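Here are my comments on the structure you sent. Please read them with the sequence and the coordinates open beside you.

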Amino acid sequence: LSKEFAMKSSSVFQKHLWRMGLVLCFVLGGLVSVGSVETARAATITVNSAADVLANDLACTLREAIINANDDVATWVVCVGGTGNDTINFSSDMQINLVLSGASNEHLSAYGDLDITDSDGLTINGNGVTKTIINASALNPRERVFDIRVGSGAVEINNLTVTGGNSPGTQYRMEDTWGGGILNRSILTLN
């Protein structure tokens, strides 16, 4: 009787041990998968045109790249769509003269200054301060070059020149008198 009981006990013990091992594998597997949470993706959008246009042609302009980064999709299909904390690079050295003019209280980058609203943040990398120049002197009414809006994530602008910007004046709000080249209402790093 004791030999039969010992065999049954051993068999029951082995089943429990096997079940405990299986449960342990699930628990550890769950911890491992929780620890490997995917980080937010980001797109690299390459500007290959110095034009200041919005057109689904064969060229990606800075204005189209910023809109795609802000929208986190390919609003302008000629540029890669934004997907998170995006980076905008320039395919070659260029001077971009902002010419699409309109009311200075527009905040979607459709015309006037380049509004940055990407809540994930944005990095803009020029090719050098004498090689990548963004000039807003042709805008009418006069506007700044960049308007980094409230709610935007951290913005970093590297290795380029911002010139020709002008605050629009007091026609809308007091803040419209601030920032000629860049009006920043978020976190901004300039290199």
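This is a predicted model: local features need pLDDT of at least 70, side-chain atom pairs count only at pLDDT 80 or more; totals for chains, interfaces and linings use all residues.

The points below go from the core to the sheets and then to single residues.

1. The core. The largest nonpolar core holds 27 residues, and the members touching the most other members are Leu-62, Ile-88, Ile-124 and Phe-146. At least two residues of this core come from each of these elements: strands E1 (44-47), E2 (86-90), E3 (94-97), E4 (114-116), E5 (122-125), E7 (146-148) and E8 (155-158), and helix H2 (62-71). H2 gives the largest share, 4 residues. As background, nonpolar side chains in soluble globular proteins tend to be buried together.

2. Phe-146 in detail. Which residues does Phe-146 touch, leaving aside those up to four places away in sequence? Its contacts are Ile-66, Leu-114, Ile-116, Ile-124, Ile-134, Ile-157, Val-162, Gly-181, Ile-182 and Leu-183. Select Phe-146 on the screen and find these contacts one by one.

3. The three-stranded sheet. E4, E7 and E10 form an open sheet in that order, with parallel pairing. E4 and strand E10 (182-184) are the edge strands; each has a single partner strand, so one side of each has no neighbour in the sheet. On average, neighbouring strands here are turned by 10° against each other, direction ignored. In general, the strands of a sheet pair through backbone hydrogen bonds, parallel or antiparallel.

4. E4, E7 and the helix across them. The parallel pairing of E4 with E7 runs over 3 bridges. Ile-116 has Ile-148 of E7 opposite it. H2 lies across both E4 and E7, and runs at about 20° to E4.

5. Pairings of E5. E2 and E5 run parallel and are joined by 4 bridges. Asp-86 has Leu-122 in E5 as its bridge partner. E5 also pairs with E8 in the parallel sense, over 4 bridges. On that side, Leu-122 stands opposite Val-155 in E8. Thr-132. Is Thr-132 buried or exposed? Its relative accessibility is 0%, and since buried means under 20%, Thr-132 counts as buried. Thr-132 lies in strand E6. Its side chain reaches the backbone nitrogen of Asn-127 at 2.8 Å. Leaving aside residues up to four places away in sequence, Thr-132 touches Phe-90, Met-94, Gly-126, Asn-127, Asn-159, Leu-160 and Thr-161.

6. Two residues with positive phi. Asp-72 is not a glycine, yet its phi is positive, about 55°. Asp-72 sits in the loop between H2 and E2, and at 27% relative accessibility it counts as partly exposed. Asn-159 is not a glycine either, and its phi is also positive, about 55°. Asn-159 belongs to the loop between E8 and strand E9 (161-163); with 39% relative accessibility, Asn-159 is partly exposed.

7. A cis peptide bond. Where is Pro-141 in the chain? Pro-141 is in the loop between strand E6 (132-135) and E7. The peptide bond joining Asn-140 and Pro-141 is cis, with omega about 5°.

Methods:
Residues are numbered from 1 along each chain as its sequence is written. Side-chain values use heavy atoms; hydrogens and water are left out. A nonpolar core is a set of buried Ala, Val, Leu, Ile, Met, Phe, Trp, Tyr and Cys residues joined through side-chain atoms within 4.5 Å. Buried means under 20% relative accessible area, exposed over 50%, partly exposed in between (1.4 Å probe, protein chains only). Contact means heavy atoms within 4.5 Å. Two strands pair if DSSP finds at least two bridges between them. Axes are lines fitted to C-alpha atoms, for helices over the stretch in contact, and angles run from 0 to 180 degrees between N-to-C directions. A polar contact is a pair of N or O atoms within 3.5 Å; within protein, one must be able to donate a hydrogen and the other to accept it, and residues adjacent in sequence count only if both atoms are side-chain atoms.
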